[in-house]
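Hi everyone, thanks for coming. Let's take a look at this one together.

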Amino acid sequence: MAKVKPVPEGMHSVTPHLICAGAADAIEFYKKAFGAVEEARLPGPGGRIMHAMIRIGDSAVMLVDEMPEWCAMGPKALKGSPVTIHLYVENADATFERAVKAGAKVTMPLEDQFWGDRYGKLEDPFGHHWSVATHVRDVSMEEAQEAMKKMAVQNS
């Protein structure tokens, strides 16, 4: 009998698992906004999605519909999310624009940041927070710490 891999092929150690009010609509949004590819969908009773998986770049994202009876609530039902999903892409500007056109709301404009990324933040129509970045320059830890100190002084 063949040995089963503890981490399945194509998966990483950490995989976001999103709860969405309207997971089918969320899958379509992620296709438009981030170029997601749907890999699996298991519908359950009443048409709710019990499990789905999409791939954005080289990473898997799992999704399910809200199921209050199982304490599975999405960010809108919870009145917000403390989690941000970070997405590194080849072209942050193009991805950001595509996501906004698909219906995402800008929560932090895309700008070059002191740590070396072109970076901005979005909220998707389902209440999930995303940061989108392209690494544009290498910055030493010392440079980043110095820039952080300057920023703290300017904001005080």
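So, is Trp 130 buried or exposed? Trp 130 has 2% relative accessibility, so it counts as buried (under 20% relative accessible area; exposed is over 50%, partly exposed in between, with a 1.4 Å probe and protein chains only). Quick note: this is a predicted model, where local features need pLDDT of at least 70, side-chain atom pairs count only at pLDDT 80 or more, and totals for chains, interfaces and linings use all residues. Residues are numbered from 1 along each chain as its sequence is written, and side-chain values use heavy atoms, leaving out hydrogens and water.

Okay, rings. The whole structure has 9 aromatic pairs, meaning Phe, Tyr or Trp rings (the six-membered one for Trp) with centres within 6.5 Å; planes under 30 degrees apart are stacked, over 60 edge-to-face, the rest tilted. Phe 29 and Phe 126 sit 6.2 Å apart at 65°, so that pair is edge-to-face. Both are buried. Then there's Tyr 30 with Trp 130, a tilted pair at 5.4 Å and 55°. Tyr 30 is at 0% relative accessibility, so it's buried. Ring pairs join Phe 29, Tyr 30, Phe 34, Phe 126 and Trp 130 into a cluster.

Now charges. We get 10 salt bridges, each a Lys or Arg side-chain nitrogen within 4 Å of an Asp or Glu carboxyl oxygen. Glu 38 bridges to Lys 31 at 3.4 Å, and Arg 41 bridges to Glu 38 at 2.8 Å. Arg 55 pairs with Glu 39, also at 2.8 Å. Arg 55 is buried at 16%, while Glu 39 is partly exposed at 41%. Finally, shared partners join Glu 28, Lys 31, Glu 38 and Arg 41 into one salt-bridge network.
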